[in-house]
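User: I am new to this structure and would like to know how its descriptions are reached. Could you walk me through it?

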Amino acid sequence: MKKIEDAIILKNVSIVDNIFDMKIKAPAVAENASAGQFIEIYTGNGVNILPRPISICEIDKKEGNLRLVYQVVGKGTGIFSQKKEGSILRIIGPLGNGYNIKNADKSIFVGGGIGVPPLLETVKNVKGQKVVVLGFKNGTILKDDFEKAGAKVLIATDDGSVGFKGNVIELMKAENVTGDVIYSCGPKIMLKFLSKYAEEKGIECFVSMEERMACGIGACVGCAVKIKNGDSYINKKVCKDGPVFNSEEVLWND
Ligand SMILES: Cc1cc2nc3c(=O)[nH]c(=O)nc-3n(C[C@H](O)[C@H](O)[C@H](O)COP(=O)(O)OP(=O)(O)OC[C@H]3O[C@@H](n4cnc5c(N)ncnc54)[C@H](O)[C@@H]3O)c2cc1C
Ligand code: FES
C-alpha cells in the first residue's frame, strides 16, 4: 500500500560523473516495498510541482531505509543532487507492480544505463545461479554490488572502455547467455531487442518500462504503453499496471 512520507536523507553522494547514490530513511514506504517498484520524489520547490519517479535500488526493511541511484538530467534530479544529509525529501511509494520473482535454477538480469539500479534488489531476492549483463555508453556502476550479491557480471560499453565493445544484446549473443528467466530494465530499444533474443532462446522475459510520467499514480494517461490484445492493442499505464510487463505482452513495433 502506497504512502506519502517525509524521508530523511542519510547519504547523497556522487559516485561517477552526474550519477548519485542516495540513502533515505523512509520506514513506512520501505515496509511495503519490493524489488522493481519505484517511488515518486517531490522537488519541494513550488515550481516543478510534479514528482519524479526513481526506482528502488535496495531495500533495508529492518532499518527502514531505501537506496536510490539516480542520474542528474534536469531540474528535478538537479534539485535532489543538491540535498544534504539530514534534509527532508517528500516521497510517495512504493509504486508499481515490481518483478514477480520466479523460482528458477538460472536467472539472467539485463540492465541498460540508469535502468540498472532496480535490478540490484531483484538479484538479492533471487535464488539459484545469477548472471547480470549490464550495458553503458562508457564506464559502469554497481558492478561490485552485483558481485557481492552473488552474481556473475558481464559488461558491455559502446566505447569499449569497460568489458565488451558493443551493446548488451551483442554481448549476450557472443557469450550465448541462456537461462530460465530474464529480468530487465533499460531503454525501450534495448528491451525490444532483448524481447526478440528471449523469444528466440525460449526464455521467459520481464521488462521494466521507463516511460515519462506525470501523476505517477494512474490518474492521467501520461505513461501509456501498448499491450497486445488479439489483433489489436490496449493502452496500459506504466505507473500503475507496470512498470514490469511480460515482454510477450508488449507491442514493440510502434
Ligand atoms: C518507473 C521509472 C523509474 C525510474 N527510475 C530511475 C532511476 O532509478 N534512476 C534515474 O536516474 N532515473 C530514473 N527514472 C528516470 C527519471 O524519472 C527521470 O530522469 C527524471 O524524472 C527526470 O526529471 P528531471 O526533472 O531531472 O528532468 P526533466 O527536466 O523533466 O527532463 C530532463 C531530460 O530527461 C528526460 N527524461 C525525463 N523523464 C524521463 C524518463 N522517464 N525516461 C527517460 N528520460 C526522461 C527528458 O526527456 C529530458 O530530456 C525512472 C523513470 C521511471 C518512469
Ligand atoms: S503517470 Fe499518470 S497515469 Fe501514469
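This is a predicted model: local features need pLDDT of at least 70, side-chain atom pairs count only at pLDDT 80 or more; totals for chains, interfaces and linings use all residues.

User: What makes the chain as compact as a globular protein of its length?

Analyst: Let's start with its make-up: the chain has six helices and 16 strands. Its radius of gyration is 18 Å, and the globule rule gives 18 Å for 254 residues, so the chain counts as being as compact as a globular protein of that length. Along its principal axes, the C-alpha trace spans about 50 × 40 × 35 Å.

User: Why is Tyr233 called partly exposed?

Analyst: Good one! Tyr233 has 15 other C-beta atoms within 10 Å. A buried residue needs 20 or more and an exposed one has 12 or fewer, so a count in between is called partly exposed. You will find Tyr233 in strand β15, residues 232-237.

User: Which residues is Tyr233 in contact with, leaving aside neighbours within four places in sequence?

Analyst: Those are Lys226, Ile227, Lys228 and Leu251. Contact here asks for C-beta atoms within 7 Å.

User: How do you know which residues surround ligand 1?

Analyst: A residue is taken as near the ligand if its C-beta atom lies within 6 Å of it. On that basis 21 residues surround ligand 1, and the closest are Ser55, Tyr70, Gly74, Gly76 and Thr77. Elements giving two or more residues to this shell are β4 (52-55), β6 (65-71) and α2 (75-82). By type, the shell divides into 10 nonpolar, six polar and five charged residues.

How values were computed:
Residues are numbered from 1 along each chain as its sequence is written. Chains are lettered from A and ligands numbered from 1 in the order in which they are written. Helices (H or I, at least four residues) and strands (E, at least two) are DSSP runs, numbered from the N terminus. The radius of gyration is taken over C-alpha atoms; the globule rule is 2.2 Å times the number of residues to the power 0.38. Ala, Val, Leu, Ile, Met, Phe, Trp, Tyr, Cys and Pro count as nonpolar, Asp, Glu, Lys and Arg as charged, and the others, Gly among them, as polar. Two residues are in contact if their C-beta atoms, placed from the backbone, lie within 7 Å.
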